[in-house]
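User: Please show me the sequence and the model, and then take me through how to read the features one at a time.

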Amino acid sequence: MSKNFEVLEKSLREKTGSPAGTSGLAPAGLTAQSALVQPASIPPRFRLPDDVAEEYIKLKTNLVMAKGSAPLKMLVVTAAKHGDGTTSVATNLAIAYAADATHRVLLIDASFHRPALHRVFRFPRDPGLTDLLVGEGDFEEAIRPTPVPELSAITAGRPYGNPTRLLESERLAALLAFARERFDVTILDASPVLPYSDPRVLATKADGALLVVQANHTQIAAVERSKRQLVGMGARVVGAVISRQRHFVPEFLHDWV
Ligand SMILES: Nc1ncnc2c1ncn2[C@@H]1O[C@H](COP(=O)(O)OP(=O)(O)O)[C@@H](O)[C@H]1O
Ligand SMILES: [Mg+2]
């Protein structure tokens, strides 16, 4: 694994004590909530227990401080397979950035095969990303403010047959350039790497990719293979994040589990 990957992995693993080979952003047990960890402006539905929120803040800090060629302003969150926790991690990480009051954040649903952000935020699915990529709808209309201050989201848009083709669109480059200009951080909730090629393509357009690893489930060989595929395309894999360390489901996910 690359140096960066190891650094992030090590810091998270030490904190959570998770087994070697997986790393730990561990959604842990419920604790009392305090405004110190998450500002009161975060609506109750999107709040996390303090210890979980703290792990996301640490992850965000690691990403902000990460050494490397470019600051990580645009991140793809992906995993080996469906169900590993990509949407949960992408959403909670976006909230952690937005909550620190120094970042304007855009969260984009690029998980074309099983989109979910429209349900997380109770938004209509379109107009969204696919609509923008085929030239329907404008950016301003598709970028919706969420109930979390400083966090906007683009939902998935109408189903479209071939996402990888869509990613070749000039409009994607224009959208990402617009996002970079307008927002401090853009997080893309992407499809899993092993079944599909579109997350690999997407990851090359971002500054880094985060791999979500499902605790006690994802095989390290699958993580390594996913990482090789991303790196093989020229993406920078900046770390691994463990999900589902214990049985905790954030409240906003109850709507659609
Ligand atoms: N920390 C967690 N603990 C328990 N269940 C979780 C946790 N994170 C996610 N889940 C559940 O796991 C399922 C998959 O999570 P999701 O974030 O949608 O994964 P993906 O986007 O990779 O498919 C969802 O039903 C979600 O509610
Ligand atoms: Mg998802």
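Analyst: Start with one pair: leucine 106 has serine 152, in strand S4, as its bridge partner. Strands (E, at least two residues) and helices (H or I, at least four) are DSSP runs, numbered from the N terminus. This is a predicted model, in which local features need pLDDT of at least 70 and side-chain atom pairs count only at pLDDT 80 or more, while totals for chains, interfaces and linings use all residues. Residues are numbered from 1 along each chain as its sequence is written, and chains are lettered from A and ligands numbered from 1 in the order in which they are written.

User: How many helices and strands does the protein chain have?

Analyst: The protein chain has 10 helices and seven strands.

User: In what order do the strands of the sheet lie?

Analyst: Strands of a sheet pair through backbone hydrogen bonds, in a parallel or an antiparallel sense. Here the order is S3-S4-S2-S5-S1-S6-S7, in an open sheet of mixed pairing. S3 (144-145) and S7 (237-243) are the edge strands, each with a single partner, so one side of each has no neighbour in the sheet.

User: Which strands pair in the parallel sense, and over how many bridges?

Analyst: Two strands pair if DSSP finds at least two bridges between them. S2 and S4 are a parallel pair with four bridges. S1 and S5 are also parallel, over four bridges, and leucine 75 stands opposite isoleucine 187 of S5 there. Five bridges join S1 and S6 in the parallel sense, with valine 76 opposite alanine 209 of S6. S6 and S7 are parallel over six bridges, and valine 212 has valine 241 in S7 as its bridge partner.

User: In which sense do S3 and S4 run, parallel or antiparallel?

Analyst: S3 and S4 run antiparallel and are joined by two bridges. Arginine 144 is partnered with alanine 153 in S4. The two strands form a hairpin with five residues between them, and glutamate 150 in the turn has a positive phi of about 70°.

User: Which way do the residues of S4 point?

Analyst: In a regular strand the side chains alternate between the two faces of the sheet. In S4 (residues 151-154), Leu151 and Ala153 point one way and Ser152 and Ile154 the other, and all are buried. A residue is buried if 20 or more other C-beta atoms lie within 10 Å of its own, exposed if 12 or fewer, and partly exposed in between, with C-beta atoms placed from the backbone. S6 is covered on both faces: Gly208, Leu210, Val212 and Gln214 are buried on one side, and Ala209, Leu211 and Val213 on the other. Seven of the seven residues of S6 are buried, so S6 is largely enclosed by the rest of the structure. Over the protein chain, buried residues are 49% of the 257 residues.

User: Why is leucine 117 counted as buried?

Analyst: Leucine 117 counts as buried because it has 26 C-beta neighbours inside 10 Å. Leucine 117 is in helix H4 (residues 117-121). Beyond neighbours within four places in sequence, leucine 117 is in contact (C-beta atoms, placed from the backbone, within 7 Å) with Thr87, Leu107, Asp109, Ala153, Thr155, Ala156 and Asp189. Aspartate 189 is 72 residues away along the chain, yet the two C-alpha atoms are 8.5 Å apart.

User: What length should helix H3 span?

Analyst: The expected span is 1.5 Å times one less than the number of residues. For the 14 residues of H3 (residues 86-99) that should be 20 Å, and the end C-alpha atoms are 20 Å apart, which agrees. H3 is mostly covered, with 14 of its 14 residues buried.

User: At what angle do H2 and H3 pack?

Analyst: Two packed helices are described by the angle between their axes and the distance between the axes. H2 (residues 50-65) packs on H3 at about 75°, with the axes 9 Å apart. H2 is therefore roughly perpendicular to H3. Axes are lines fitted to C-alpha atoms, for helices over the stretch in contact, and angles run from 0 to 180 degrees between N-to-C directions. Angles under 35 degrees count as roughly parallel, over 145 as roughly antiparallel, 65 to 115 as roughly perpendicular and the rest as oblique. Tyr56, Ile57, Leu59 and Lys60 of H2 meet Asn92, Leu93, Ala96 and Tyr97 of H3.

Terms used. Two residues are in contact if their C-beta atoms, placed from the backbone, lie within 7 Å.
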